[in-house]
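Please look through the sequence and the model shown here before reading on.

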Amino acid sequence: MKGNDSGKARFPGREPVDFVIVGSGAAGGVLARELSRAGFTIVVLEQGPYRRATDFSHDELDTFFRGELTGHPSWDDPQTFRTTEAEEARTRSGLPPALYARTVGGSSVHMSANYWRMRPQDFKERSLLGEISGTGFADWPISYEELEPYYSRAEWEIGVSGAPGPFDAPRSRPYPLPPMPVKSSGVLLEEGARKIGLHPQVAPVAILSEEYRGRPPCAHCGFCLGFGCEMNAKSSTLATMIPEAEATGRCEIRPLSTVYRLETGPDGRVTEVAYMDAEGGHHAQRARSVILAANGAETPRLLLMSDSGQHPDGLANSSGLVGKYLMGNGHADIHADMKDPLNDWKSIQVTRIVLDFYDHDPKRGFYGGGGIDARPLTNASPIMHAMGIAGEQTPPRWGREFKRDVTQGFSHHLGMLCSSTSLPLESNNISLDPNHKDGMGRPAVRMTYRDHDHDLAMLDFLLDRCEEMMEAVGARRIRRAPAQHQTYHAHLLGTCRMGNDPATSVVDAHHRAHDVANLFICDGSSLVSSGRGQPTLTIQALAFRAAEHIEKIARRGEV
Amino acid sequence: MASTGDWQVLKPSEVVELEALADQIWPGDDTPGASALGAVRFMDAALGGFMADALPLVQSGVRDLQNRSRALNPSVSGLSQLSSSQQYEVIVAVEQTPFFSTVHTMVLLGVFALPKYSGNRDQGGWTQLGFESRHWWHPPFGYYDARHAGERNERE
């Protein structure tokens, strides 16, 4: 181990470290902390800058319009989108198709921090329900029971506030922290749900309701979704795992380091990771093993960019499934105004949820399941609230009535969000765009995505229930549109799926690439099915489990 | 009104037109409209800075507004000299254009963005919403959770 004056690890690129981890987000942060604590030397390559809690602000213009957290800080990194492979993918202004935060801590910094567990059936739905034609619907190679200890571990290590609900899967430990205070939106969801015979429950969130491990409780500032927490009360890996990894003296976080290639040796193993710094200078870090945790869009991009004579279709891609089966979870929202003020712009996004429709129900006539929550969504901040009301019509609303609806609606707004399953389709994927490159010459991320009809049907079903709940609590000016095909995703899932068969999966049940013995892949790309939304806790449970296994085999010299 | 003092990139003739347009989008009534809140000051700062790419679109859009206004009433120099109902007529005719959507976005940014960006004068945009920029709040946050807490206390 090499130290420097500040006590933080610094490793020279030419000497191999035990692990290079690409990405410092929900999974990368956990892996860095676990493996550095286990005694291994680690370099984490993060393309974003090293922002601290004090660098975050309530600046909506910066955050939502200038992409402070989601844009690339050093160069243009365009992405393209198309709905089918027959179309030519195009760039566009506004939100990027693969929406994630480029900063130390990754998207765990700007998430709204809903921390749902998956349920036992999520892992074996293919066996329970049978084939769904035209899809890659499959069982996981692991069960809920195998993952459960790591769900508990993640909740306690990260800090999750909550209380069990009536349909929750069995848990070995209670939540470490009591629920967050209920907001008016949560009270109304509860009331509406009960009136139509449903069973609302406390929303589990990775936000502190009380002081925990030296971090202060949430101050309810309201700038949560899309923003970094200025208090460190949101349990991002920036606030939790990364300082603990650095404290070992064996983990170097190297920000503004954008990876463009994994180099392999004559034996097919990864030897080093090539990256560029903010000025465009080329570097490489040698490593005994590499872990990709760059998210479900950037991880497949890197693998596809790392093709070679031995790996002509991209690294770890003998199955041809790298980048395929992209799932984003279905999302649809509905808005209304209440007679009295909710002030839903204060505090966290979600305090109550309804999971009555989590399970698949053949009576509905289509595959799927989902959840409903009450939340302000982007109406929690002034500009985005006004934009949302302007966008209720095309062309945008303006004038006296527009002003009235914006000003009266801000504190009276009640929103609900439906989250649902996405079926895995080979035609939904991440690939390298042949026509567009980023500022350093890397092929752009190309997203091809079209929601399955069942995904949209599930969302419309959930929207019907939302409308009933809203009517039951006396909501006015209910604004609802049919569920729309999604054109961007903050949940980037399934693109390097795990499985036991190398022909039908990219990584094994412990996240080792089937094709490359010293390459591990652990992030949203590992998921085999999409759950019902809120994948971050599952990604972190997988990361804790992967770290334990990787530690074991690394000690035995088996990587 | 707001059109006094130095402007970075906008000409005075453009400022008055943009003020008229901004005040149609976000009108003054019992509370200030967009131009009094500094929305056009914001536009000038943004078009001279991080939105510089949009300046030609805005300038040609203003010329188009002036032409359309003169076509409606040859005695005026532009939108700002039309009656409110005539302004409405001109704007409805351009509301599908990239120019209008760009100005519309800038008006909302100018009314609601942090005052450091030159709009949202005296946080007047936020006042209209009932929004306060603070770093902490305590429950109850709104009417329904307060009522819920009251009912719970009565039961206990």
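Two strands are taken to pair if DSSP finds at least two bridges between them, and the helices (H or I, at least four residues) and strands (E, at least two) are themselves DSSP runs, numbered from the N terminus. This is a predicted model, in which local features need pLDDT of at least 70 and side-chain atom pairs count only at pLDDT 80 or more, while totals for chains, interfaces and linings use all residues. Residues are numbered from 1 along each chain as its sequence is written, and chains are lettered from A and ligands numbered from 1 in the order in which they are written.

Three strands, in the order β3-β14-β13 (chain A), make up an open sheet with mixed pairing. Because β3 (79-82) and β13 (429-437) of chain A each have a single partner strand, they stand at the edges, and one side of each is left without a neighbour in the sheet. From one strand to the next the twist averages 35°, where axes are lines fitted to C-alpha atoms, for helices over the stretch in contact, and angles run from 0 to 180 degrees between N-to-C directions. Within this sheet, β13(A) and strand β14 (residues 443-448) of chain A run antiparallel and are joined by 5 bridges, with A:S431 standing opposite A:R446 in β14(A). Helix α7 (residues 298-305) of chain A lies across β13 and β14 of chain A and runs at about 65° to β13(A).

Another open sheet of chain A is built from 6 strands in the order β4-β10-β11-β12-β9-β15, and its pairing is antiparallel. Its edge strands, each pairing on one side only, are β4 (200-202) and β15 (476-479) of chain A, and the twist averages 25° from one strand to the next. The antiparallel pairing of β4(A) with strand β10 (residues 352-354) of chain A extends over 3 bridges, and here A:V202 stands opposite A:R352 in β10(A). Helix α5 (residues 184-195) of chain A packs on this sheet, touching β4, β10, β11 (370-374) and β12 (413-420) of chain A, with a direction that makes about 30° with that of β10(A); contact here requires that the C-beta atoms of two residues, placed from the backbone, lie within 7 Å. Helix α10 (residues 453-472) of chain A also packs on the sheet, touching β9 (330-337), β11, β12 and β15 of chain A, and its direction makes about 20° with that of β9(A).

The next subject is a pair of packed helices. The axes of α1(A) and helix α11 (residues 536-555) of chain A come within 9 Å and cross at roughly 30°, which makes α1(A) roughly parallel to α11(A), since angles under 35 degrees count as roughly parallel, over 145 as roughly antiparallel, 65 to 115 as roughly perpendicular and the rest as oblique. Among the residues that meet across this pair are A:V30, A:L31 and A:E34 in α1(A), and A:F544, A:A547 and A:E551 in α11(A).

A:E34 is placed in helix α1 (residues 26-37) of chain A, and A:E34 counts as buried because 24 C-beta neighbours lie inside 10 Å; the term buried asks for 20 or more other C-beta atoms within 10 Å of a residue's own, whereas 12 or fewer make it exposed and values in between partly exposed, with C-beta atoms placed from the backbone. Apart from its neighbours within four places in sequence, A:E34 is in contact with A:F544 and A:A547. The C-alpha atoms of A:E34 and A:E551 are separated by 8.6 Å, although these residues are 517 apart along the chain.

A:N232, in the loop between β4 and α6 (241-247) of chain A, has a positive phi near 65° in a residue other than glycine, and A:N232 is buried, with 20 other C-beta atoms within 10 Å. A:L256, in the loop between β5 (251-254) and β6 (258-264) of chain A, is not a glycine either, yet has a positive phi of about 50°. The peptide bond from A:T394 to A:P395 is cis, with omega near -5°, and A:P395 lies in the loop between α8 (382-390) and α9 (400-412) of chain A.

Finally, the contact between the chains takes 37 residues from chain A and 35 residues from chain B.
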